[in-house]
Amino acid sequence: MSRLADDVEAAQLDEAAELVEEARHVLDARTWTPGELHLLAVELTAVLANVHRVAESRGARLPASDDDGPVVDGADDAPDDGDEALDDGDRGGPRLPAEAFG
């Protein structure tokens, strides 16, 4: 039964990866219609729900720990003001232009 669950999870993650690539191509082309964007959002929502389910399932199988994990040297030295700049690679790829939202 565990192997079957692992196979289903792997298939769901593969499907998500393929859809992310397809979404990037659609968005990069910048020639989408509102209907295409709607369909893409529906499909991405479905695979995101599956990926979330996989993460929850795998997290539930992890052994409980009493500590918060390893401390990285210097990680707590600087205050987090939330103003760090992100380059495009940190944001998960291209973004929709503001006019796509109405």
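This is a predicted model: local features need pLDDT of at least 70, side-chain atom pairs count only at pLDDT 80 or more; totals for chains, interfaces and linings use all residues.
Me: Which residue forms a salt bridge with Arg 58?

Reply: The partner of Arg 58 is Glu 9, and the closest N and O atoms of the two are 3.0 Å apart. The pair links distant parts of the chain, since Arg 58 belongs to helix 2 (residues 34-61) and Glu 9 to helix 1, 49 residues apart.

Me: Is Glu 9 buried or exposed?

Reply: A residue is called buried when its relative accessible area is under 20%. Glu 9 has a relative accessibility of 6%, and therefore counts as buried. Arg 58, by contrast, has a relative accessible area of 39% and is partly exposed.

Me: Which side chain does Arg 24 meet in a salt bridge?

Reply: Arg 24 meets Glu 21, with an N to O distance of 3.4 Å. Both residues lie in helix 1; because they are 3 residues apart, about one helical turn separates them. Arg 24 is partly exposed, with a relative accessible area of 31%. Glu 21 also counts as partly exposed, at 38% relative accessibility.

Me: Which residues form the negative surface patch?

Reply: For a patch of this kind, one looks for residues with over 30% relative accessible area, no salt bridge, and like charges within 9 Å. Here the negative patch is formed by Asp 14, Glu 15, Glu 18, Glu 22 and Glu 43.

Me: Which helix gives the most to the negative patch?

Reply: Helix 1 (residues 2-29) gives the most, with 4 residues.

Me: Is Glu 18 buried or exposed?

Reply: The term exposed applies to a relative accessible area over 50%. Glu 18 has 57% relative accessibility and so counts as exposed.

Me: Which residues form a nonpolar patch on the surface?

Reply: For nonpolar side chains, the joining distance is within 5 Å. In this model, Met 1, Leu 4 and Val 8 form such a patch on the surface, and together they have about 360 Å² of accessible area.

Me: Where does Val 8 lie, and what is its relative accessibility?

Reply: Val 8 lies in helix 1. Val 8 has 41% relative accessibility and therefore counts as partly exposed.

Methods. Residues are numbered from 1 along each chain as its sequence is written. Side-chain values use heavy atoms; hydrogens and water are left out. Accessible areas come from the Shrake-Rupley method with a 1.4 Å probe; for residues, only the protein chains shown count as cover. A salt bridge is a side-chain nitrogen of Lys or Arg within 4 Å of a carboxyl oxygen of Asp or Glu. Lys and Arg count as positive and Asp and Glu as negative; His and the chain ends are not counted. The place of a charge is taken as NZ of Lys, CZ of Arg, CG of Asp or CD of Glu. Helices (H or I, at least four residues) and strands (E, at least two) are DSSP runs, numbered from the N terminus. Buried means under 20% relative accessible area, exposed over 50%, partly exposed in between (1.4 Å probe, protein chains only).
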